[in-house]
Amino acid sequence: MKTALTIAGSDCSGGAGIQADLKTFSAHGVFGMSAITSVVAENTVRVISVQDITPEVIQQQIDAVCEDIFPDAVKIGMLSGVETMKAVAESLEKWQPQNIVLDPVMYAKNGAPLMALSAIETLIEKVLPLATLITPNIPEAEHIAGMKIESLEQMKEAAAVIQQRTGAAVLVKGGHAAGDATDILFDGKSYYSFNSPRIDTKNTHGTGCTLSSAICAQLALGAEIKEAVASGKDYITQAIRYSLPLGKGHGPTNHFWKFFAAE
């Protein structure tokens, strides 16, 4: 069985973060493992508090996984601050895993900040260059590329800027734009567009986590980046289509839509 490690924050309400990643890995038939960077007290309505795990314990979790069940792919999510970023970067450099998908989580679905903006330069300099693929949404891409994005052409431009700064392939997600949900992939040579109709639902909690972990699972299974992104896009589209009407805010997507529909 192929394996994947998620390095991310914990969402106690189950729709995003580590919980979403592990569900997504399982839905793809991949054995999931985790290293928790932050414990987030949140639900579909609000973020109540964030407790960062110490850098030492983050690294020890990664060591524990890699020395015993080395992952075929790694997904990185919430890295709240500079010390967390440095700890993860040091571990990645130590163990040299392949197929690293990095989702630069900056905000929760309700807009609460999950990354200190003062840490963005550390993210760009220390962590992003270690990734195989980076998956920012439009606000995140604007911060990383240092530009405004208001069109597909500007999504392409931002993807190129980020790719040139980091060396990683870049998927700029268009979920925050108007019209159809169009994502732009730039691998350093070619652009690819992935389009799906926008689904009328408020239940989109954890969509970024779920997409990036679906792509990670596909890379673990041996897919190339373009094919992994296409498969991940199809997966998250259906997970949103059959999303779960749970909670009082933005409900979760349905990670197991292949197995059961929402009732």
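The model you have open is predicted.

**Stop 1**

Select C66. Is C66 buried or exposed? With a relative accessible area of 7%, C66 is buried. Now look for a sulfur partner. C66 is in no disulfide. The nearest cysteine sulfur belongs to C216, and that sulfur is 12 Å away.

C209 is in no disulfide either. Its nearest cysteine sulfur is that of C216, 13 Å away. C209 counts as buried, at 13% relative accessibility. How many disulfides does the structure have? The count is 0.

**Stop 2: a helical pair**

Leave the cysteines and turn to charged side chains. The structure holds 7 salt bridges. The next stops visit some of them.

Select helix α6, residues 152-166. Show the side chains of E153 and K156. They form a salt bridge, with the closest N and O atoms 3.8 Å apart. Why are E153 and K156 about one helical turn apart? Because they are 3 residues apart in helix α6. E153 counts as exposed, at 54% relative accessibility. K156 is partly exposed, with a relative accessible area of 27%.

**Stop 3: a buried and an exposed partner**

Select E142 and K148. Their side chains meet in a salt bridge, 3.9 Å from N to O. K148 counts as exposed, at 52%. The cut-off for exposed is over 50%, so K148 passes it.

**Stop 4: strand to helix**

Finish with D183 and K233. They form a salt bridge, and their closest N and O atoms are 3.1 Å apart. Color strand β8, residues 181-186, to find D183. Then color helix α8, residues 225-241, to find K233. The pair ties together parts that are 50 residues apart in sequence. Hide the surface to see these two side chains. D183 is buried, with a relative accessible area of 5%. K233 is buried too, with a relative accessible area of 8%.

Notes: Residues are numbered from 1 along each chain as its sequence is written. This is a predicted model: local features need pLDDT of at least 70, side-chain atom pairs count only at pLDDT 80 or more; totals for chains, interfaces and linings use all residues. Side-chain values use heavy atoms; hydrogens and water are left out. A disulfide is a pair of cysteine sulfur atoms within 2.5 Å. Buried means under 20% relative accessible area, exposed over 50%, partly exposed in between (1.4 Å probe, protein chains only). A salt bridge is a side-chain nitrogen of Lys or Arg within 4 Å of a carboxyl oxygen of Asp or Glu. Helices (H or I, at least four residues) and strands (E, at least two) are DSSP runs, numbered from the N terminus.
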